[in-house]
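Work through the exercises below with the sequence and the model in view. Each task is followed by its solution.

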Amino acid sequence: MTATPDTIVHLVRHGEVYNPDGVLYGRRDGFHLSDLGKQMAERTAGALASRDITVVRSSPLERAQETAAPLASALGVEVGIEPRVIESENKFEGMRFLRGDNALRNPATWRLLWNPFRPSWGEPYAEIVERMLAAVRDARAAAEGHEAVLVSHQLPIWTTRLAVEGRSFLHDPRKRQCTLCSVTSLHFVGEVISQVSYSEPAIDLIPKKDRDDPFSAGSGRPSPESTQATEG
């Protein structure tokens, strides 16, 4: 007989970001939620507000804090800053990836794509998971017997799920199950993760053409990883 989970840590991805220039913004400051992104955050807050959530923590980046704010307000708790759930490092940060101005068309960038297993263009997957799970464990302890929310970013959330489920880190970014403002929930029995569940409270707000897009702005533009995966 399976034991009933006693603590849940929800990993929430931020909402859509205003990024008309198609910059891979990564860890850069100054990128905020779009108007649609704010609606997504409100929608997710509404879906989670009735849960037994006692802890809300966010990546230090503006888009994550802005996503956490409506939920924290509804719950009457403060948003704690959790540096370990920040976006992953990426050597393409600051480059443009508009369809007519894609940095991956420049041969000088191809040298970064030699090893998709690590990956060679950014923070190693194993290191992302290590810091994410450390933050998850601390959030679980702080909310023990209740629920916690960590607002983070697509790749950190997805690699954490892959690790928890014992799957390979090598994947097609277009197939990540981690849409904007989605909720990936880690269910704990004691200190052990017993199951993972997933929901998309804001899915109807995401334009259909963008729902499977891997670029973190959710704008329908390709990312370095998606192009690498497509072009081999």
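Predicted model: local features only at pLDDT ≥ 70, side-chain atom pairs only at ≥ 80, totals over all residues.

**Exercise 1.** How much space lies in the second largest cavity?

Solution. Residues are numbered from 1 along each chain as its sequence is written, and side-chain values use heavy atoms, without hydrogens and water.
Step 1: a cavity is a set of points on a 1 Å grid over the protein atoms alone where a 1.4 Å probe fits but cannot get out; its volume is the space filled by probe spheres set on the points, joined across faces, edges and corners.
Step 2: the second largest cavity holds about 40 Å³.

**Exercise 2.** Find which residues line the second largest cavity.

Solution. Step 1: lining residues have an atom within 4 Å of a point; here they are Val12, Ala41, Thr44, Ala45, Thr67, Ala68, Leu71 and Val151.
Step 1: sorted by class, six are nonpolar, two polar and none charged.

**Exercise 3.** Describe the largest nonpolar core.

Solution. Step 1: such a core joins buried (under 20% relative accessible area, 1.4 Å probe, protein chains only) Ala, Val, Leu, Ile, Met, Phe, Trp, Tyr and Cys residues through side-chain atoms within 4.5 Å.
Step 1: the largest has 18 residues, and Leu11 and Met132 are among those with the most contacts inside it.
Step 2: its largest share, six residues, comes from α3.

Methods:
1 Å grid on protein atoms, 1.4 Å probe; cavity = no way out; pocket = protein on both sides within 12 Å on 5 of 7 lines; lining within 4 Å. Nonpolar A, V, L, I, M, F, W, Y, C, P; charged D, E, K, R; others polar. Buried < 20%, exposed > 50% of the residue type's maximum accessible area, 1.4 Å probe, protein only. Helix = DSSP H or I, 4+ residues; strand = E, 2+ residues; numbered from the N terminus.
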